[in-house]
Amino acid sequence: MRTRSFLFLLFSVLFSPAGAQKLTLEVANPSAEYREQIVEIPLDSVLQRLGTVADSLRVRDAAGLDVPFQTTFDGKLIIEAAVRKGGVARFTLSKGTHPQFPTVCHGAIHPERKDDFAWENDRGAYRVYGPALERTHERSYGIDVWTKNTPELVVDDRYYIEDVVTIPRIDSIYRNNWHVRDSLYRLISYHYDHGRGLDPYRVGASLGCGAPALMVGDSLVMPYCFASYEVLDEGPLRFAVRLRQSPRTVCGVRIVENRLITLDKGSNFCKMEVWYEGVANLSSQMAQAVPAKSVKFCSGVVLQPDDRESYVLGENYVSYTDPTDQPNVHQAPLYVAVLFPNGSVTAKKQDNHVLCVADDWDLKPYTYYFGSAWARYDVRTEQEWKSRIEWYLRGIAQPLRLTLK
């Protein structure tokens, strides 16, 4: 299992002269359990001290083997580290030529499917809905989940096969033969598993898996489609995209939501950073209303109509065993969750969602995590999913310690 090092990363630098032949990165695991995750250090510090550029950087492990790395839009050097409990892993950073690393994290816009934006890593895939879908007035608000049971990239191929090449031809050729058209559709569509995963998740007019939302008083204010996007990081180890959502009017106040989503290799969870324009005006207006109403930040997962009981309200997370859109066909459930590791949190069920509500939100940018796993791939049972969530939260609370010397 893997995750990435998040908050409170201890990073100490022991100075060495510029133009050094090599640097040593020590990654210490203070916990009593094995950890494998993406870690990050300031890129400029490394390049200045080696007297080189990112294209001429090489990272090797204790065996002298090349380790995949990536430079990110926010000036980080990230690598994948595996460290035994209480142990220290050492990496050598030097000038040199590195091999081409396979891309594990990827995302792209798909205008062929009404401007979907989809992204994936070796664990799973996600999508959000864009301007073309909003123009149809379809009510799809949340984050969708696609399963995988392969580490290979599959999303672009799924879109191309279904929405560009095959399905349009089937509809055209067999327009008047429903039985043939339906049989061929099931043989091709990504809504059925052909050995590499599928799209079994129902989103509709909900948060889906982890879309951000506001709560005004006791009312959940849904987001909608994104208006624009910018890809910031495109693998091999991390994908990042910035989304600007379509403006919403809430109690007469114009609100614009912004999202920064990142997904690392090996992680079941995406990191979401969200901030709002206009929310201070909304909060002020609601405080003066009679009766006064608070404005809080929340996120959660949708409960499906045929099973609204298989959920867990954790101390700082909510999780759900989703039966999929065709449980008698697919059989294997989908596990979803939202994690709020920062500050005071209320976990609750409200209508057709289970939610994490940030009790002490100060209207500033908020960071949380959402993610999934599939029973036919890397998490078999509800108990294993609960253990995965708690393991991930422990990694955030007690990050790996990095020393560069």
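Which strands do the buried residues of H5 pack against? They pack against strand S13 (209-216), strand S17 (248-250), S18, S19 and strand S20 (295-302), with contact meaning heavy atoms within 4.5 Å.

A quick word on the model: it is predicted, so local features need pLDDT of at least 70 and side-chain atom pairs count only at pLDDT 80 or more, while totals for chains, interfaces and linings use all residues. Residues are numbered from 1 along each chain as its sequence is written, and side-chain values use heavy atoms, leaving out hydrogens and water.

Helices (H or I, at least four residues) and strands (E, at least two) are DSSP runs, numbered from the N terminus. Helix H5 covers residues 279-287, and Val 279, Leu 282 and Met 286 are buried there (under 20% relative accessible area; exposed is over 50%, partly exposed in between, with a 1.4 Å probe and protein chains only). Down the axis of H5, its buried residues fall within an arc of 55 degrees, so they line one face of the helix; the arc is taken from the directions from the helix axis to the C-beta atoms. On the face turned away sit the exposed Asn 281 and Ala 287.

Now for the strand pairs (DSSP must find at least two bridges):

| Pair | Direction | Bridges | Residues opposite each other |
|---|---|---|---|
| S18 and S19 | antiparallel | 7 bridges | Arg 259 and Val 274 |
| S19 and S26 | antiparallel | 6 bridges | Met 272 and Tyr 368 |

Asn 268 sits in the loop between S18 and S19. At 2% relative accessibility, Asn 268 counts as buried.
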